[in-house]
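Colleague: Could you take me through how helix packing and burial are read from a model?

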Amino acid sequence: MTEQTGGATADTTEAIELRAERTLPATPEEVFDAYTDAEQQKIWFSILDEEPGVVEIEVDLRVGGRQVAVWGPDRDTLFREEQVFLEIDRPRRLVTESTGSDPSGQTMTTRIVVTFEPVDGGTLMSVVQSGFPTPEIRDFFASQAWVGAFDRIEAYLARR
């Protein structure tokens, strides 16, 4: 497993971005599908949770289509993310505009570019997410959100 996270701070929201990557144990097609298929996402979103929570996902995988994901430990503590697919080049690249909200109702919109590159040992999944309102939120996503997503996708792919 290879993992890198980091980002660059700048004065404008568009320039506050993170870069993260991990080598995952599957082909680019398998990783792309695990990342974009609603039924597979429903499994990996909660694969590492000790207690089952709420995971609801709908995907319309086409340019202009949307993915809506709602998840959390219970109905009173839900996160929501709606992504609009801007570019789909299966299994190489995916570009979305993502609007997410946390249980307090705070929202944020970012742009996410994900690439899937074949490498020895599997697929290098790389993420560039930009448009963070602050470096602190970017750093949380770099150190927690994407690391958690990679951990879950990797666990899912390893158990198939």
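Predicted model: local features only at pLDDT ≥ 70, side-chain atom pairs only at ≥ 80, totals over all residues.

Modeller: Helices are DSSP runs of H or I with at least four residues, numbered from the N terminus.

Colleague: Which residues of H1 and H3 make the contact?

Modeller: Taking contact as heavy atoms within 4.5 Å, Glu30, Val31, Ala34 and Tyr35 of H1 meet Trp146, Ile153, Tyr156 and Leu157 of H3.

Colleague: At what angle do helix H1 and helix H3 pack?

Modeller: Axes are lines fitted to C-alpha atoms over the stretch in contact, and angles run from 0 to 180 degrees between N-to-C directions. Helix H1 (residues 28-36) and helix H3 (residues 135-159) pack at about 120°, with axes 11 Å apart. H1 and H3 are therefore oblique to each other, given that under 35 degrees counts as roughly parallel, over 145 as roughly antiparallel, 65 to 115 as roughly perpendicular and the rest as oblique.

Colleague: Is Gln40 buried or exposed?

Modeller: Buried means under 20% relative accessible area, exposed over 50%, and partly exposed in between, with a 1.4 Å probe and protein chains only. Gln40, which lies in helix H2 (residues 38-44), is buried because its relative accessible area is 18%. Leaving aside neighbours within four places in sequence, Gln40 is in contact with Asp33, Ala34 and Tyr156.

Colleague: What conventions apply?

Modeller: Residues are numbered from 1 along each chain as its sequence is written, and side-chain values use heavy atoms, leaving out hydrogens and water. Local features need pLDDT of at least 70 and side-chain atom pairs count only at pLDDT 80 or more, whereas totals for chains, interfaces and linings use all residues, pLDDT being the predictor's confidence in each residue, from 0 to 100.

How values were computed:
Helix = DSSP H or I, 4+ residues; strand = E, 2+ residues; numbered from the N terminus.
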